[in-house]
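Thanks for coming. I will go through one structure, helix by helix, and then look at its core.

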Amino acid sequence: MTKIKELFNKANIAYQKKNFEAAKKFYEKILELNPNNEQYWVNYIAIFLNLKEFDVAEKLSRKAIKLNPSFSKVYCNLGSVLQFKGKFQEAIKCYNNAIE
């Protein structure tokens, strides 16, 4: 099993157990090894959504989109963040970007 797969499995187990602090650490290591995988970003950002750390989730979403503007699932995450923050028009734009 590759290092990333091993970390990914551990991150998912921690996430399922709602051990978000451990999951965060695993995803940080994963993203250091491979910052170009959309699913890793989506899962990492989801941790902050669950923790209701919307500012961090927004910052990470924008960083991921800057890395790769074709990350449609990240646009969905950013839309969710903006929706939680009451920025509905901006959220709609993100959702539209996700489906383009």
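Start with a definition: the expected span of a helix is 1.5 Å times one less than its number of residues. What you see is a predicted model.

Now apply that to helix 4, residues 54-67. It has 14 residues, so at 1.5 Å a residue it should span 20 Å, and its end C-alpha atoms are in agreement, 20 Å apart.

Which residues of helix 4 are buried? They are Phe54, Ala57, Glu58, Leu60, Ser61, Ala64 and Ile65. An α-helix has 3.6 residues a turn, so residues three or four places apart point the same way. The cover over the buried residues of helix 4 includes helix 3 and helix 5.

Next, the core. The largest nonpolar core has 31 residues, and Ile30, Trp41, Tyr44 and Val74 have the most contacts inside it. Helices 1, 2, 3, 4, 5 and 6 each give two or more residues to this core. Helix 3 gives the largest share, 8 residues.

Take Tyr44 from that list. Leaving out residues up to four places away in sequence, Tyr44 touches Lys24, Tyr27, Glu28, Leu31 and Leu60. Leu60 is one of the buried residues of helix 4.

Last, Glu38, which lies in helix 3, residues 38-50. Glu38 is buried but has no salt bridge. The backbone of Lys73 is another matter: its nitrogen lies 2.6 Å from a polar atom of the Glu38 side chain. Beyond four places in sequence, Glu38 is in contact with Phe71, Ser72, Lys73 and Val74. Val74 was also on the core list.

Technical notes
Residues are numbered from 1 along each chain as its sequence is written. This is a predicted model: local features need pLDDT of at least 70, side-chain atom pairs count only at pLDDT 80 or more; totals for chains, interfaces and linings use all residues. Side-chain values use heavy atoms; hydrogens and water are left out. Helices (H or I, at least four residues) and strands (E, at least two) are DSSP runs, numbered from the N terminus. Buried means under 20% relative accessible area, exposed over 50%, partly exposed in between (1.4 Å probe, protein chains only). Lys and Arg count as positive and Asp and Glu as negative; His and the chain ends are not counted. A salt bridge is a side-chain nitrogen of Lys or Arg within 4 Å of a carboxyl oxygen of Asp or Glu. A polar contact is a pair of N or O atoms within 3.5 Å; within protein, one must be able to donate a hydrogen and the other to accept it, and residues adjacent in sequence count only if both atoms are side-chain atoms. Contact means heavy atoms within 4.5 Å. A nonpolar core is a set of buried Ala, Val, Leu, Ile, Met, Phe, Trp, Tyr and Cys residues joined through side-chain atoms within 4.5 Å.
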